[in-house]
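Subject: Structure handover, pockets

Hello,

Here is the structure for your files. My notes on its pockets follow below the model.

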Amino acid sequence: MVTVSNSKGGGTLAASSSFPEDGSTAPLLEVSRLTVCAGRNALVEDVSLLLRPGQTLCLVGESGCGKSLTCMSMLGLLEANLTLNGSVRLFGTETVGASDSVLNDLRGRDVAMIFQNPMVSLNPVQRVGAQIAEAIVEHTQLRGQAVDLRVIELLEQVGIPNVERNKNCYPHQLSGGMCQRVMIAMALACRPKLLIADEPTTALDVTIQAQILRLLRDLQIELGLGIVLVTHDLGVVAEIADHVAVMYAGRVVESAPVDDLFDDPRHPYTRALMASRIGFGRPPGTLLDAIGGTVPPPAARPSGCNFAPRCPMANSQCTEDPPLQYVGKRAVACHFSGLEIGVGA
């Protein structure tokens, strides 16, 4: 199983957890051998993850690698034409095959999700304050003036200015960054223990992105949140992650504490992602290293290693499917994972 390390990552925004470091805290999230299929095609294959309170797990990879689908599976939000196998336990409760009433009790109250595009996720014909109030009424015992006071408290907590005015705005009257803060306020309305954020900063400029990341970090420290953050931005990963799971073509190909992953990536795909980063000591004028080819669609995945057609290290051995094996503190699915390879190798 891919486990979240108890050692706190060295990212500049990594929260200092007050929880025991010996693994004695019960997991918030346990995903075991999760597989999602559309007909005969596996969209997500054999994914296992674990997250404890106060920690941040980042899922990274290109578009089409299964990150968002994995998160939707965690909350039982899959489309009807998809089938799911494996186990997903939220706070010890098995959700695979659970009734709608069990899932609804968990969603919104104990676990909340921030979607990628707030302008699509928010109701365009309802004032943002009313949308937050609806979540409060649905999942708490607050009513009347207490609900309005809670809405104001939440909007102030996420840094919305002029709350009395802006809570009566429609989404189109607010900026993208403000709408994303509204989505965070809605997600936190019932004080959840687990927050799943699907690329919450993708559509935002870098200044607002930094503010949102700082906000998530501060709220994590304040509330003891566990966070699953989906992103393809390694700069964001370096800022906020404790542990990272790299996904490719529906599988976890490498998992490690954030410092270990950045200092010594072991999977060729992870190394390729690192080499394509902007900044991080790259000399000015240096061309970025592109990853040739594209992520194979589920119906056209090669036999053996899915990354082999794009991998500079591939040989005949890669026609065999590499299992996910531990190398030190990490898990790597590569026949060459034992090699001491670095970013520049």
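Strand E6 (111-114), helix H4 (128-139) and helix H7 (176-187) each contribute two or more residues to the lining of the largest pocket. Please keep in mind that the model is predicted.

Largest pocket

H4 gives the largest share of this lining, with five residues. The space in the largest pocket comes to about 540 Å³. Its lining has 20 residues, and those closest to the centre are Gly108, Met113, Ala135, His139 and Met186. By residue class, the lining of the largest pocket splits into eleven nonpolar, six polar and three charged residues.

Second largest pocket

For the second largest pocket the volume is about 400 Å³. Here 23 residues form the lining, and Asp46, Val252, Pro322, Pro323 and Leu324 are the closest to the centre. Two strands, E2 (41-51) and E10 (251-257), each supply at least two residues of the lining of the second largest pocket. The largest share is that of E2, with four residues. In the lining of the second largest pocket, 14 residues are nonpolar, four are polar and five are charged.

Regards

Definitions and conventions: Residues numbered from 1 in each chain as written. Predicted model: local features only at pLDDT ≥ 70, side-chain atom pairs only at ≥ 80, totals over all residues. Heavy atoms only, no water. 1 Å grid on protein atoms, 1.4 Å probe; cavity = no way out; pocket = protein on both sides within 12 Å on 5 of 7 lines; lining within 4 Å. Points joined across faces, edges and corners; volume = space filled by probe spheres on them. Nonpolar A, V, L, I, M, F, W, Y, C, P; charged D, E, K, R; others polar.
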